[in-house]
Amino acid sequence: MTSRTKSLIGFGVVAVVLNLVPTVVESLDAPSFYVTFMFTAFFWISQSVSWNILTGYTGYFSFGQGAWFGIGVYTTGILAAKHGWPFLLALPVAGVLAGLGGLLLGMIVFRLRKQSGEIFALTTLAVAFVLASVARLYSFIDGGRGIFMTGTPLPAFLGDFRTAMFRMTFVVAFLTLLTAFLLYESRIGWGMFAIRDDEPVAHGLGVPVFRYKMLALGTNAFFGGLMGGVWSLQIGFVTVEDVFNIRVPLFVILMSVLGGLRHWMGPAFGAVIIYALTDRLNSAGLEDLNQVIIGGLLIILVLAVREGIYLRLRARWKPALAVFVLAIGVWTVFDLGSSLIWDFFYASLLTVAVALVPLKRQPDTAASPASEAMAASDRSPP
Amino acid sequence: MNDVLNQAIVSGILIGGLYAVMSVGISLTWGVLKIINLAHFSFILLGAYVTYQLSTTLGWDPLIALVIVIPGGFLAGVIMQVFFELAKVDEFQSLIISFGIFIIFQSVTRTIWTADFRRIDGDTNPYESMSFFVGDIAVQVATLIAFGVAVAIAIGMTVLLTRTYFGKAVRAIVEDPEIARAYGIDVRRVAVLLSGLATAFSAVAGVFIATFQSLSPNMSFGWFGIVFPVVILGGLGSTVGALGAGVIVGVAAGVATTEWGPLSASLVTFLILIAALLFRPQGLFTRQSST
Amino acid sequence: MSSLTGTGIAKHFGGIKALDGVDIVITEGEILGLVGPNGSGKSTLINVLSGYYRADAGRTVFDGDDLLRLGPHEIAAAGLARTFQIPRPFRTMTARENVALSYMFGQRRHSLAQARQAADQWLEFTDLANVGELPIDQLTLHQLKFLELARALATEPKLLLLDEVLAGLNPTEVEESIGMIQRIHAQGVTLVIVEHLVRVVTALSTSLIVLNQGRVIAHGDPEVVMQEPEVVRAYLGSRWEHA
């Protein structure tokens with residue numbers, strides 16, 4: 001059995017198990033915020049993993065995640081809340097419209113005579129601002145009035161609101177991860193990695209670079225928009241300020257950089273850790289500190305752990321797993337945390353600390369290529 | 001003649017001067033030092049808030065705040081560049097790291113001055129309401145001064161870059177830092193000085209913003225959409241280019257505002273950015289060979 | 001039988017004419033040496049033929065396709081590959097993955113699984129089998145140059161352009177590389193070699209083109225071409241400048 005088949009079976013098992021979570025939580029009479037915690041984590045997993053398909057795989061750094069997310073939010077908002085479309089019918093439209101938005105951007109920036117990663121990054125930064133002003137300008141989108149999503153009917157088979165959110169976010173996150181994995185293990189994915197490493201050389205060896213960059217950007221935007229479409233429900237009252245702000249791109253970048261851009265799993269890993277971190281900080285009443293910590297982490301991570309912690313932890317998976325299990329055990333037995341989420345949080349922090357401990361000799365993990373992945377600069381073909 | 005349109009053009013030219021001052025620092029560090037420093041947006045914002053604070057608590061004329069803001073900005077630029085040199089960051093990492101710095105300052109600003117709008121009181125700020133007429137066209141003194149400063153910076157930097165040893169060193173670094181180093185130029189020192197100068201310009205822009213706009217921490221996000229079109233249209237590292245591009249963007253946004261309403265301005269500037277990238281990626285005001 | 005025919009190829013950078021109407025014929029199965037003083041346009045010609053630069057004028061027919069109208073990946077699919085003077089491996093991949101990548105894309109498409117298998121044959125051919133799993137930064141310059149060759153060969157080219165394969169190598173490594181070039185040629189690949197070491201090129205190639213200031217000043221049998229007065233003049237001039 002190849003490793004790919006094994007992984008696909010793993011995907012199937014995870015899908016079945018996670019799908020049961022809301023039912024189990026309900027039957028155990030456990031607090032329902034566990035479900036909320038998990039579906040918010042799914043949201044961030046999907047956003048950062050899809051972002052990584054563009055930025056981690058092809059090396060084109062994007063600030064544009066907020067734009068794709070926003071297109072998705074407003075699409076389901078307009079179609080389902082304003083025009084009464086069935087929500088599940090509006091959802092795929094959200095993904096497709098965001099994907100088309102990505103392709104449109106790609107048609108422009110990937111055709112430029114002078115291409116560079118920096119120009120691309122700054123253009124994506126501008127896209128969200130433009131979309132924000134378009135949304136404010138036209139009343140058929142928003143016109144400055146916002147859209148109420150509360151009371152949008154959902155099909156009965158999805159369960160109550162929380163369970164429905166869990167199921168929908170889970171399906172989207174699952175599809176995003178599966179796509180990221182299948183690309184990672186395919187010819188197309190490797191073509192993208194070659195673009196990241198040296199685009200002109202990849203082109204000369206036969207990689208259709210334009211097509212692949214479009215594919216990466218389109219996939220990124222599609223999943224960003226699809227999850228955005230689901231998320232409009234959680235937002236409740238959709239406004240331009242809440243949707244097209246710097247929050248989504250900022251978190252997505254941080255999560256992916258923390259987890260590592262070189263592996264399809266990295267950003268998912270980073271998403272869970274950062275989300276758990278901010279969730280706990282917020283519940284401890286430290287919202288103001290949040291951004292300072294996040295900004296600081298971003299700086300430190302870019303300089304210190306260039307390959308991301310996922311690859312590091314994988315290389316040290318035995319001590320890492322031991323620490324995690326031990327910590328969960330100690331915390332639960334001695335009842336140190338006030339809830340299971342706190343236990344999980346402390347255990348994760350300790351595990352991450354394992355990844356951050358610098359080791360003198362680590363030939364397989366401290367490989368310098370990671371710095372090149374981060375620094376996919378020099379991409380101006382003559 | 002259409003008076004409203006003429007007014008929009010004149011105001012656009014003048015506000016274009018402010019856009020140039022806001023952009024010139026980022027343009028210089030990007031073009032010369034290959035550092036994309038988003039933290040400049042923080043220093044524009046800080047410059048504005050410090051001016052507001054000095055005016056409000058000490059009753060200073062806003063322009064006197066320059067005495068504090070210029071050295072403060074210079075020092076911040078020096079510190080940042082020293083950090084970038086020590087950490088040996090490349091262009092790409094500088095983008096992410098300075099994004100982190102930007103986020104931290106954003107939060108700090110919000111903590112100190114809250115998210116409420118702040119405006120310098122009319123009593124201590126004579127510039128806001130001061131204006132005169134040329135024919136039927138009103139000229140706001142605050143933006144006129146900013147435009148004058150933009151012209152002064154453009155001229156001053158041109159003289160500095162063409163007539164002095166420092167300027168020669170900067171141009172040598174643009175061509176090739178390694179060769180510049182081989183010829184005995186202290187690249188690190190030149191870079192630190194230039195970064196200080198660039199950040200001081202950004203902070204100065206903040207002072208002028210404080211003279212005629214209400215301040216809020218989130219306003220810095222809106223600047224991204226103005227500054228990057230100006231930087232790219234003007235050509236990386238070009239101070240004269242920044243002035244020309246600032247005026248183009250200012251006029252285009254001003255005309256768009258009068259014709260289609262204020263929200264269309266950022267659409268128009270974005271279209272200008274795209275057009276600039278498509279047809280003139282090296283900038284309107286630079287020769288093909290440079291950078 | 002000609003493999004590639006180029007006529008009137010021109011390329012300028014700003015005011016400098018790097019290629020000023022170059023006519024070139026590459027015959028199938030030959031080793032064509034491309035020589036000339038520094039700045040004569042050798043590298044520019046390689047870059048134009050392989051699609052890295054877009055020519056300002058001219059036409060290049062290769063197996064019926066006009067190369068100058070194609071993008072680099074289409075040129076690779078048409079069966080033309082090149083190496084770089086300064087090796088440019090994919091740095092996040094191992095040597096084997098580098099080779100596998102070009103086999104996947106190259107002239108015919110192959111799946112990732114096929115390519116991982118097939119990479120071995122080129123690693124062995126270029127004596128890199130024992131470093132196949134190493135990260136790129138652990139390879140020597142000599143190995144990186146061979147990796148350039150392995151990667152180019154894995155695209156299964158009909159025509160291979162070698163840009164200064166020998167530059168920067170010590171005499172032993174030069175000997176090994178010459179042997180390698182001859183083995184590649186023996187497999188039926190048409191070769192264009194650009195080299196500074198004129199003696200080596202003259203010995204290796206079956207015909208020779210001399211470029212000077214963006215123009216072809218001689219084309220023919222290596223021994224004969226090197227005696228032509230204009231070639232001698234171009235070379236003496238350049239030697240005198242660089243003395």
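A: **Contacts of chain A**

In this predicted model, 31 residues of chain B are in contact with 34 residues of chain A, two residues being in contact if their C-beta atoms, placed from the backbone, lie within 7 Å. Local features need pLDDT of at least 70 and side-chain atom pairs count only at pLDDT 80 or more, whereas totals for chains, interfaces and linings use all residues of the predicted model. Residues are numbered from 1 along each chain as its sequence is written, and chains are lettered from A and ligands numbered from 1 in the order in which they are written.

On the side of chain B that touches chain A, at least two residues each come from helix 4 (91-113), helix 9 (219-234) and helix 11 (264-279) of chain B. Helices (H or I, at least four residues) and strands (E, at least two) are DSSP runs, numbered from the N terminus. Helix 4 of chain B gives the most to this side, with 14 residues. By class, the side of chain B that touches chain A holds 21 nonpolar, eight polar and two charged residues. Here Ala, Val, Leu, Ile, Met, Phe, Trp, Tyr, Cys and Pro count as nonpolar, Asp, Glu, Lys and Arg as charged, and the others, Gly among them, as polar.

Chain A also touches chain C, in a contact that takes 25 residues from chain C and 25 residues from chain A. Helix 2 (72-77) and helix 3 (95-105) of chain C each supply at least two residues of the chain C side. That side divides into twelve nonpolar, eight polar and five charged residues.

Within chain A, the axes of helix 7 (residues 161-184) and helix 9 (residues 209-235) come within 10 Å and cross at roughly 170°. Axes are lines fitted to C-alpha atoms, for helices over the stretch in contact, and angles run from 0 to 180 degrees between N-to-C directions. Helix 7 and helix 9 of chain A are therefore roughly antiparallel to each other, a term for angles over 145 degrees. Residues of helix 7 of chain A, including A:Met165, A:Met168 and A:Val172, meet residues of helix 9 of chain A, among them A:Phe223, A:Leu226 and A:Val230. This contact has eight nonpolar, five polar and no charged residues.

Elsewhere in chain A, A:Arg4 is found in helix 1 (residues 3-19). The C-alpha atoms of A:Arg4 and A:Met265 are separated by 14 Å, although these residues are 261 residues apart along the chain.

Methods:
Angles under 35 degrees count as roughly parallel, over 145 as roughly antiparallel, 65 to 115 as roughly perpendicular and the rest as oblique.
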